[in-house]
Amino acid sequence: MKLASLKNDTRDGQLVVVSKDLTRCSQVGHIATTLQQALDNWQVLAPRLEDVAQSLETGAQPTQRFREHDALSPLPRAYQWADGSAYVNHVELVRKARGAEMPASFWEEPLMYQGGSDTFLGPREPIRVTDEAYGIDMEGEVAVIVGDVPMGCDAKTASAAIRLVMLVNDVSLRALIPAELGKGFGFFQSKPSSAFSPVAVSPDELGDAWDGGRLHLPLCVDLNGENFGRANAGVDMTFDFGQLIAHAAKTRPLGAGTIIGSGTVSNKLDGGPGKPVELGGVGYSCIAEIRMIETIEDGAPATPFMLFGDTVRIEMKDGEGHSIFGAIEQTVEKS
């Protein structure tokens, strides 16, 4: 099934079930008014929501038109947002860009940071930044929403807790990162509000593309209407979602509604850094990667970070070319 949160006069929106083709939806306030409410009582409420989803497809359910512009992020705010870095190729490149060494342990244990989860952006809401000099970058990722996860669980148990899958634009302010990390206390100012896809999807909806821990489809990232990235989210993912969730739960239980991100989707090419789409590669899911490759090849980056007026679009399509989650489409604006 596909779930979304429509804008209303509350912070958490109105939960709706969305049709497979993303054209229609049904309100389900009689089951749960918000997605968090559904997640808190998933075992009881998910089958009822699934019944609505099936009735929606057969025409037996009252519907209204679904407009992606009317959607908030599926969880407009969450109790917890922890973003991993499962694509170690990405980690390696951006660390080189900062002149930082790549410890061998990064291939054995995932990186993870705890992001702000009180004010997620809507999927069509602008990215507001006060200064272009902050180095505005998008990061196209896959994310999962989990149910309750026990502390110290293994990856198999963690995978079973995955309730929904969605996409994310984890906005980064690259010019602020080195100084923050240099203090030894992690990201804060350099990681403003993230945005998630209009729709969150149950894993069974993804068919063979979902293997229980990885989503094997290209992530489409466009910058100002041009193909920027088509990296496959199931390739070069060193740590799957089960491993990421188990890592987050090593010393604490995770509450229902916790969001875990994959980190920037990144593919190698013939064992080395990727190439732009127009040169036969799969491109990139963030600007920092192409800047690092330009530095390696030419001695200096040439591609600028995002400027006011630039627009990023992040989407994933099935084998028939149909959008699965709807699109994140955001324009950078001066705050």
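Trainee: What makes β7, β18, β17, β14 and β15 an open sheet?

Mentor: In this predicted model, the five strands line up in the order β7-β18-β17-β14-β15, with mixed pairing. β7 (127-129) and β15 (226-229) are the edges: each has a single partner strand, so one side of each is left without a neighbour in the sheet. The twist averages 25 degrees from one strand to the next. Such angles run from 0 to 180 degrees between N-to-C directions, with axes fitted to C-alpha atoms.

Trainee: How do you know that β14 and β17 pair?

Mentor: Two strands pair if DSSP finds at least two bridges between them. Five bridges join β14 (residues 219-223) to β17 (residues 311-316), and the two run antiparallel. One of the contacts sets L223 against V312 in β17.

Trainee: What makes β9 a strand with partners, and which are they?

Mentor: A strand is a DSSP run of E, at least two residues, numbered from the N terminus. β9 pairs with β10 (residues 162-169) over seven bridges, antiparallel. β9 also pairs with β16 (residues 259-261) over three bridges, again antiparallel. A143 has M166 as its bridge partner in β10 and stands opposite G261 in β16.

Trainee: Why is β9 called mostly covered?

Mentor: Buried means under 20% relative accessible area, exposed over 50%, partly exposed in between (1.4 Å probe, protein chains only). Seven of the seven residues of β9 (residues 140-146) are buried. Both faces are covered: G140, V142, V144 and V146 on one side, E141, A143 and I145 on the other.

Trainee: What rules sit behind these values?

Mentor: Local features need pLDDT of at least 70, side-chain atom pairs count only at pLDDT 80 or more, and totals for chains, interfaces and linings use all residues. Residues are numbered from 1 along each chain as its sequence is written, and side-chain values use heavy atoms, leaving out hydrogens and water.

Conventions: Helices (H or I, at least four residues) and strands (E, at least two) are DSSP runs, numbered from the N terminus.
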